[in-house]
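Dear colleague,

I am passing on to you the structure shown below. My notes on what was found in it follow directly after.

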Amino acid sequence: MAYEVNGQTVECDEEGYITNLSDWTPELAAVIAEAEDIEMDDDRWEVVNFLREYYDEYQIAPAVRVLIKAAKKSMGPEKGNNKYMYELFPYGPAKQACKIAGLPKPTGCV
Amino acid sequence: MADGDTQVPQLDDPLQIPCIKPGAMEGLQPFLASPEHNKALGFPEELVPDWKEKALAKMAELAEKNRAFQVYLDICVKCGACTDKCHYFLGTADPKNMPVARQDLLRSVYRRYFTFAGKYFPWLVGARDLTKEVLDEWYSYYHQCSECRRCSVFCPYGIDTAEITMAARDILDAVGYGMKYSNEIIGKVHDVGNNLGLNPKALRATLEDLEEDIEDETGVTVRIPIDEQGADILLVTPSADFFAEPHIDGLIGYAKVFHQAGVSWTLSSYASEAANFGLFIGNYENMRLVSQRIRKAAKDLGVKRIIFGECGHAWRVAYSFLNTLAGPWDFLDPNYPVPQHILEFTWNEIQQGNLTFDKSQNDHMTLTFHDSCNVARGSRMGDMPGGQFEIPRNVIKAVCNNYVDMDRDTTHESTLCCGGGGGLLTDDLMDLRIKGASPRMTALQQTTEEHGVTHLAAICAICKTQFSKVMPKYGYDMDSIVSVHQLVSNAIILDGQETEEDATA
């Protein structure tokens with residue numbers, strides 16, 4: 001499987017997570033989001049950017065609670081909650097947002 | 001292929017027997033493990049050319065080594081007692097999901113190659129050749145069994161169906177035909193120490209964050225120690241407790257109980273996982289390697305006791321097999337059971353009068369309890385028979401005012417699987433998970449209608465994740481599933497804690 005971005009082919013696994021994390025670009029994120037039926041807006045970009053920053057530091061996605069805490073700080077309590085995160089990413093802020101952010105899928109009993 | 005019917009089953013009763021739909025789930029398959037996942041577990045990287053010979057050799061080896069497996073293959077009389085006991089059969093109506101029929105996919109091949117009648121008169125005894133179609137059928141239907149063992153409770157011969165599923169998966173792995181979800185996860189445990197792949201630095205950062213949360217909430221400094229040499233207790237908990245909701249609230253609950261009990265405890269970044277998916281794939285060597293991490297961590301940290309957090313199959317492995325897999329535990333304090341369940345610890349503290357609760361903190365909920373299969377049918381808790389049923393309920397009732405049980409035919413030893421156990425908690429099996437949850441969800445809906453139950457409490461990471469995903473399909477919010485220690489955390493009053501009264505005074 002693969003995504004097409006600006007005439008370039010970017011490989012992904014059977015679930016749509018990109019194979020080489022260094023292939024990620026904001027343009028690719030928009031393409032992955034479109035495949036997920038999601039239109040990127042400011043709030044979604046903020047989540048995706050936070051995930052990428054966190055991953056840069058820790059080599060893993062943050063716990064949902066950590067993500068929500070960060071969202072609460074930057075977006076305010078009305079948006080910094082689990083419910084709003086699921087409105088942004090219906091298949092889960094961890095899994096779906098990670099896919100768009102070009103990060104590996106969180107595995108385990110999650 | 002599966003019929004693509006992703007409708008949520010509507011049952012009038014949790015145990016309503018469906019009109020059968022032959023082939024309804026045919027061809028449903030989770031993703032295959034990649035060569036690198038298989039290699040990391042010591043399996044062939046992909047389906048080997050001589051898979052037929054290798055599969056039969058593995059079956060012979062298992063029958064030789066595991067007497068129970070051979071007996072289970074030989075003694076089934078097709079009485080049918082198990083047919084309607086499987087939640088996947090009730091939810092999918094596929095007759096091959098009747099436990100007896102699912103087992104027979106393997107049994108028919110065993111009969112062909114390992115019994116006199118099957119070798120010479122296969123057509124008389126329903127014996128089948130092992131073909132690629134049969135192998136694919138195994139891959140499909142042995143990933144539609146969660147090894148929950150409800151059917152075994154009703155088998156007059158005591159055939160443990162899960163053992164057959166585990167053997168089938170072990171055979172599939174032996175020929176390079178394993179499943180992505182479980183194999184990738186086991187590789188991460190071997191490599192990093194937990195299912196998530198959470199490295200020590202990230203784990204420490206998460207725990208520090210949680211300590212901050214507890215202090216913000218209560219005004220009390222409660223530590224969640226990690227890698228602390230010389231601590232008395234090693235807590236081994238599923239890594240979902242570091243990551244997912246509502247699991248993480250359970251972890252906060254354990255920390256508050258330990259704090260209030262005044263014991264010294266620690267997590268380990270090396271053994272940062274209670275789960276042992278080696279059980280799910282029926283592979284002894286992987287199960288042993290995962291367990292050995294706990295032994296090494298306990299020795300390196302010099303602890304005296306080991307306590308397990310809320311994880312269903314981990315508790316089965318710990319309670320039933322840990323001594324064989326990673327014992328002897330003679331270096332631990334003999335005054336305590338090895339291992340102990342966090343609920344045993346908490347219940348003991350409650351009985352000693354060491355914990356104080358404000359039960360009204362849980363008054364916005366009416367609760368019921370989901371017995372997790374591996375705890376209910378594969379282990380025990382405390383020092384009396386049935387402790388695994390009573391202790392969780394006792395703890396919930398000690399911290400909540402509103403508690404109601406579900407239909408007795410769906411609880412205790414007859415509990416229904418959440419629909420995501422046994423290594424099936426993967427997105428590529430979501431259709432099966434939604435359907436398999438329908439009996440449990442129907443029993444829950446009954447308690448909602450009759451008693452106003454709003455929340456379901458569980459003590460297994462898989463159950464919690466599965467319910468948070470499927471409950472919205474059955475008319476509940478995703479946060480209607482709670483950890484038992486989340487309820488404890490809500491109600492417990494820590495020494496020096498700012499209560500609401502303090503705040504308003």
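In this predicted model, helix H12 of chain B (residues 247-261) and helix H21 of chain B (residues 484-491) have axes that come within 7 Å and cross at roughly 55°. Helices here are DSSP runs (H or I, at least four residues), numbered from the N terminus, and axes are lines fitted to C-alpha atoms over the stretch in contact, with angles from 0 to 180 degrees between N-to-C directions. H12(B) and H21(B) are therefore oblique to each other, a term for angles that are not under 35 degrees (roughly parallel), over 145 (roughly antiparallel) or 65 to 115 (roughly perpendicular).

Contact requires C-beta atoms, placed from the backbone, to lie within 7 Å. On the H12(B) side, B:Asp249, B:Gly250, B:Ile252, B:Gly253, B:Tyr254, B:Lys256 and B:Val257 meet B:Val484, B:His485, B:Gln486, B:Val488 and B:Ser489 of H21(B). This contact comprises 5 nonpolar, 5 polar and 2 charged residues; Ala, Val, Leu, Ile, Met, Phe, Trp, Tyr, Cys and Pro count as nonpolar, Asp, Glu, Lys and Arg as charged, and the others, Gly among them, as polar.

Between the chains, 15 residues from chain A and 29 residues from chain B take part in the contact. Helix H3 of chain A (residues 64-75) gives the largest share of the chain A side, 3 residues.

The model scores ipTM 0.95 and pTM 0.97.

Residues are numbered from 1 along each chain as its sequence is written, and chains are lettered from A and ligands numbered from 1 in the order in which they are written. Local features need pLDDT of at least 70, side-chain atom pairs count only at pLDDT 80 or more, and totals for chains, interfaces and linings use all residues.

Definitions and conventions: Two residues are in contact if their C-beta atoms, placed from the backbone, lie within 7 Å. Helices (H or I, at least four residues) and strands (E, at least two) are DSSP runs, numbered from the N terminus.
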